[in-house]
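The points are numbered and may be read beside the model.

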Amino acid sequence: MNSPTPALDADALKAEQKAQYNANKLTKRLRHHVGDAINDFNMIEPGDRVMVCLSGGKDSYALLDILLGLQKSAPIDFSLVAVNLDQKQPGFPEHVLPAYLDSLGIEYRIVEEDTYSIVKRVIPEGKTTCSLCSRLRRGILYRVADELGATKIALGHHRDDILQTLFLNMFYGGKLKAMPPKLLSDDGKHMVIRPLAYCREKDLERYAEQREFPIIPCNLCGSQPNLQRQVVKEMLNDWDRRFPGRIETMFRSLQHVVPSHLADPTLFNFAGLALGGALPDEGGDTAFDREEFHDPQPDADDRPARPVISILDSRPKDSACG
Ligand code: SF4
């Protein structure tokens, strides 16, 4: 057999270096997005016990992986416990997550609850099962959070999930409502956080490949795919291809809401508007102006300044927590 030529060796080395460079860049970007979201919404505080919900999909694997990385270097102490709910869908590979979590050597709990049978029994054949299934799942996860003493429940929803939800609510629900990065449960007892809120799904897909997470397929329940969500997802992906920066700009709009220029009298006191009274929201008085718009700036960042202590800071050298 012929040995490879030196030129080929050099090309292979260059390709490998480039791949490594891109992988490092991606890891850094995701880590920064997660750190920024945690800081902006005060998602994790000293002493928190964060229950990370792990489904076996790429997003929740990435969430756990990035939080574990941040935990090592963050200037605050918090603990993590991974939880998987085995809903007894036929064909669920029960060994995959325990083997993965054992290999990480972290605290975890696998919860076995046969919600699959309940859903199959209650929902007539051909009807969508997701709403009952997720309601059952939510109740179980809240109960487990109590049992584990978790102060925060971390979910793996990302920026694209949030935008899809915004459009789904607009198109089908008649509401300007997305999926919040931080949410208090209805009973006021649980705090749900979404540390991937600033992360792009594309990045999470590449990260999952890079880290070789043992992904469990998400169609085991045999449920119909959510067609409305699928359509919105394709619409957003198409915009992303044709108008670079639009997705980022749309997400930023969720952080720059101008209630005086919407039409919800519960958010802004239109009835009480009076001459000489309070001025409209900043940037809102454009009644006689033709609004000017510029091309989106994909990397523009006009979010508020970060807090003084950031989870992305390094742990002080003399810290007692190692
Ligand atoms: S896709 Fe299946 S497992 Fe997921 S929420 Fe719907 S019914 Fe439940």
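1. Cys221 is placed in the loop between α7 (201-211) and α8 (227-242). Helices here are DSSP runs of H or I with at least four residues, numbered from the N terminus. The model is a predicted one, in which local features need pLDDT of at least 70 and side-chain atom pairs count only at pLDDT 80 or more, while totals for chains, interfaces and linings use all residues. Residues are numbered from 1 along each chain as its sequence is written.

2. Cys221 counts as partly exposed because it has 18 C-beta neighbours inside 10 Å. On this scale a residue is buried with 20 or more other C-beta atoms within 10 Å of its own, exposed with 12 or fewer, and partly exposed in between, with C-beta atoms placed from the backbone. Not counting residues up to four places away in sequence, Cys221 touches Gln89, Tyr116 and Thr129; contact requires C-beta atoms, placed from the backbone, within 7 Å.

3. Cys133 lies in helix α5 (residues 130-148). Cys133 has 20 C-beta neighbours inside 10 Å and therefore counts as buried. Neighbours within four places in sequence aside, Cys133 is in contact with Thr115 and Val119.

4. Which residues does UniProt list for "binding site"? The unreviewed entry gives Cys130, Cys133 and Cys221. They are spread over 92 residues of sequence, yet they cluster in space, with a largest C-alpha distance of 9.9 Å. UniProt positions follow the numbering used here, feature names are shortened, and annotations may be inferred rather than shown by experiment.

Key. Helices (H or I, at least four residues) and strands (E, at least two) are DSSP runs, numbered from the N terminus. Two residues are in contact if their C-beta atoms, placed from the backbone, lie within 7 Å.
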